Amino acid sequence: RMTEVGTPFDFDGEWPDRAWNTPGRYDALTFLDVLEHTARPAVILAKARALLKPDGCVVASIPNLRNLGVIWDLVVAGRFPLFTPGRQAFTGPPANIRCSGHVRFFCRSDIEAMFQRAGYRIVEWGAMAMGAPGLERFHDVLAFLLALHGADVEGFKESAYVMQWLV
């Protein structure tokens, strides 16, 4: 849902025409756990730019697919169990990443590229991190294998425990 001064309207990836009738009106727009639920998040971000004042900004929180718990489920357990809000109790990390309502999944580099394509410059990153008890050894083995293959070990270490990226 989006709210404009107390007036909510549904948001399903396409904004109603009335949302576009006020170009340059807003100081900030928030996309808190929204973009991953849409088929064309970069298009939505690009359209949203018209609603912002010249010095306006977007604040977004987006789940991190490169989370160690998700990697464990995919690589070791061989599964990607989905969490259905309203039907199941929150099962802990990384249930918010595996939400059945997500149609897009992102790593940090995907988020950065999406915002750039939409014409934004990310000025600050934040992260909501959570430990992964019992997966420390798995983390170390993955970091070793990444280094062995010349991959971005520091990027992996930075994102392994991140549940949500904040931009």
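Here is a walk through this structure, from its overall layout to a few of its side-chain contacts. Please keep in mind that the model is predicted.

Let's begin with the layout. The chain contains 5 helices and 6 strands, and from one end of the sequence to the other they come in the order β-β-β-α-β-α-α-β-α-α-β. Of the 167 residues, 38% are buried. The accessible surface of the chain comes to about 9,600 Å², with carbon and sulfur atoms supplying 55% of it. If you take the contacts in the chain with a separation of 6 or more, 72% of them are between residues 24 or more positions apart.

Now for the interior. In soluble globular proteins, nonpolar side chains tend to be buried together. Here, the largest nonpolar core has 23 residues, and the members that touch the most others are Phe31, Leu45, Val58 and Phe115. Two or more residues come from each of strand 3 (26-32), helix 1 (41-49), strand 4 (52-63), helix 3 (108-117) and strand 6 (162-166). Another core, of 10 residues, lies apart from the largest one, and Leu135, Phe138, Val153 and Phe156 are among its members.

Helix 2 deserves a stop of its own. At its start, a side-chain oxygen of Asn67 comes to within 2.7 Å of the backbone nitrogen of Gly69. The buried residues of helix 2 are Leu68, Gly69, Val70, Ile71 and Asp73, and their cover includes helix 4 (136-148) and helix 5 (153-159). Leu74, in helix 2 (residues 68-75), is partly exposed at 45% relative accessibility. Together with Trp72, Val75 and Val76, Leu74 forms a nonpolar patch on the surface, and the four have about 350 Å² of accessible area together.

Asp73 also brings us to the charged pairs. The structure has 3 salt bridges. In one of them, Asp73 pairs with Arg79, with 3.3 Å between the closest N and O atoms.

A second salt bridge joins the side chains of Lys53 and Asp27, at 3.1 Å from N to O. Lys53 sits in strand 4 and Asp27 in strand 3, so this pair ties together parts that are 26 residues apart in sequence. Lys53 is partly exposed, with 31% relative accessibility.

The remaining pair to look at is Arg108 with Glu158, whose closest N and O atoms are 3.2 Å apart. This one links distant parts of the chain, as Arg108 is in helix 3 and Glu158 is in helix 5, 50 residues apart. Both partners are partly exposed: Arg108 has 22% relative accessibility, and Glu158 has a relative accessible area of 45%.

To finish, turn to Glu124, in the loop between helix 3 and strand 5 (126-129). Glu124 is exposed, with a relative accessible area of 59%. Which residues does Glu124 contact, leaving aside its neighbours within four places in sequence? They are Leu166 and Val167. Glu124 and Leu166 are separated by 42 residues in sequence, while their C-alpha atoms are 8.2 Å apart in space.

Terms used. Residues numbered from 1 in each chain as written. Predicted model: local features only at pLDDT ≥ 70, side-chain atom pairs only at ≥ 80, totals over all residues. Heavy atoms only, no water. Core = buried A, V, L, I, M, F, W, Y, C linked by side-chain atoms within 4.5 Å. Buried < 20%, exposed > 50% of the residue type's maximum accessible area, 1.4 Å probe, protein only. Helix = DSSP H or I, 4+ residues; strand = E, 2+ residues; numbered from the N terminus. Patch = residues over 30% accessible without salt bridge, like charges linked within 9 Å, V, L, I, M, F, W, Y side chains within 5 Å. Areas by Shrake-Rupley, 256 points an atom, 1.4 Å probe, with all protein chains shown as cover. Contact = heavy atoms within 4.5 Å. Polar contact = N/O pair within 3.5 Å; in protein donor to acceptor, adjacent residues only side chain to side chain.
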